[in-house]
Amino acid sequence: MAPLRFSANLSWLFPELSGFPARLRAAGSSGFEAAEIGWAYAEPPEALARAAREAGLRIVLINTPPGDREKGENGLGAVPGRQAAFREGLEQAVLYAKALGCSRIHLMAGRVPKGADRAAVRGEMEIVFLENLRHAAEVLAQENLVGLLEPINTRITDPGYFLDTPQQAAAILQKVGRPNLQLQMDLFHWQIMDGNLTGNVREFLPIVGHVQVAQVPGRGEPDSPGELNFPYLFQLLEDEGYRGFVGCEYQPRGEGGLSLAPGQVLWRDSVRQGLSSSAWAEMPRALLPSGNTVEGLSWLRAYWELRGRPQAGQ
């Protein structure tokens, strides 16, 4: 049973820093060995690759381009009439992935067209998506890359998004039937849409290529107040044998220096003395990280101390 490996989602973490090279440096200094970037296309891939190397980081995930954001687009994979733009964006994503040494690309499905009824266009959008995914699988296979499908919740985050449940995504993957297309499990979205996380993790983990985490409903750090018991969920992922990266895709509360507050020192020392994973949730709130470490990463450092820091490449 291997410890989980975490990646810093630099589209969310270190928001006070301008530009991904600076965020890559911050992630490396904070102890991460990997990072992921939603849309990296505003910066040359060579500059990002150099910054990642200097920070000692692997880039493990990027997204396909969103399309025309001014027109409300958020991905193009299932959008009728935008097949050519999706394929152009895929080529750009592959170029960046190769330059960054990144093996996984999130193939964004996109939104139901404005003014359209979701039920009425669902069949057409799925046909477009299947066509684009088959094309993407062929392109990615030539470069030994993996494509990921991520359901995004339509109750809070993106009401118009086409792909919104793990069941829908898994059914589409089965229809495409390509081994280099996998599922992206964001526990924030899955909890909002379907709940039943224990059952869904166990059912779908065999086809999962990447995991992301944030607390529900505020999308904060895993130790922030909310619905999800992350010590339990992390233990579940370990027990089920997940070996990929867990992306930290949340809105950080933390700010300031790297020093630990007194309560955090007590928490760290309790972890060092052998605090079990299942006991995290029972710690008094006064002893839990208060958010005054950089990006509120004390929860992650406690996990590293508890489980033993995995070495790169494990």
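Modeller: We shall take the pockets and then the aromatic contacts of this predicted model.

Colleague: How much space lies in the largest pocket, and which residues are closest to its centre?

Modeller: Rolling a probe the size of a water molecule over the atoms shows where empty space is left. Here the largest pocket holds about 470 Å³ of space. It is lined by 23 residues, and those closest to the centre are Trp12, Trp39, Asn63, Asn74 and Glu249. By class, its lining comprises 7 nonpolar, 10 polar and 6 charged residues.

Colleague: What is the volume of the second largest pocket, and which residues line it closest to the centre?

Modeller: The second largest pocket has a volume of about 300 Å³. Among its 19 lining residues, Arg104, Gly209, Arg243, Gly244 and Phe245 are the closest to the centre. Strand S3 (58-63) and strand S7 (208-213) are the elements that each give two or more residues to this lining.

Colleague: How many aromatic pairs does the structure hold, and how is the pair of Phe6 and Phe234 arranged?

Modeller: There are 11 aromatic pairs. Phe6 and Phe234 are edge-to-face, with 5.5 Å centre to centre and 85° between the planes. Phe6 belongs to strand S1 (residues 5-9) and Phe234 to helix H8 (residues 230-239), so their pair ties together parts 228 residues apart in sequence.

Colleague: Is Phe6 buried or exposed?

Modeller: Phe6 is buried, at a relative accessible area of 3%. The ring centres of Phe6 and Trp299 are 5.6 Å apart with planes at 80°, so this pair is edge-to-face.

Methods. Residues numbered from 1 in each chain as written. Predicted model: local features only at pLDDT ≥ 70, side-chain atom pairs only at ≥ 80, totals over all residues. Heavy atoms only, no water. 1 Å grid on protein atoms, 1.4 Å probe; cavity = no way out; pocket = protein on both sides within 12 Å on 5 of 7 lines; lining within 4 Å. Points joined across faces, edges and corners; volume = space filled by probe spheres on them. Nonpolar A, V, L, I, M, F, W, Y, C, P; charged D, E, K, R; others polar. Helix = DSSP H or I, 4+ residues; strand = E, 2+ residues; numbered from the N terminus. Phe/Tyr/Trp six-rings, centres within 6.5 Å; stacked < 30°, edge-to-face > 60°. Buried < 20%, exposed > 50% of the residue type's maximum accessible area, 1.4 Å probe, protein only.
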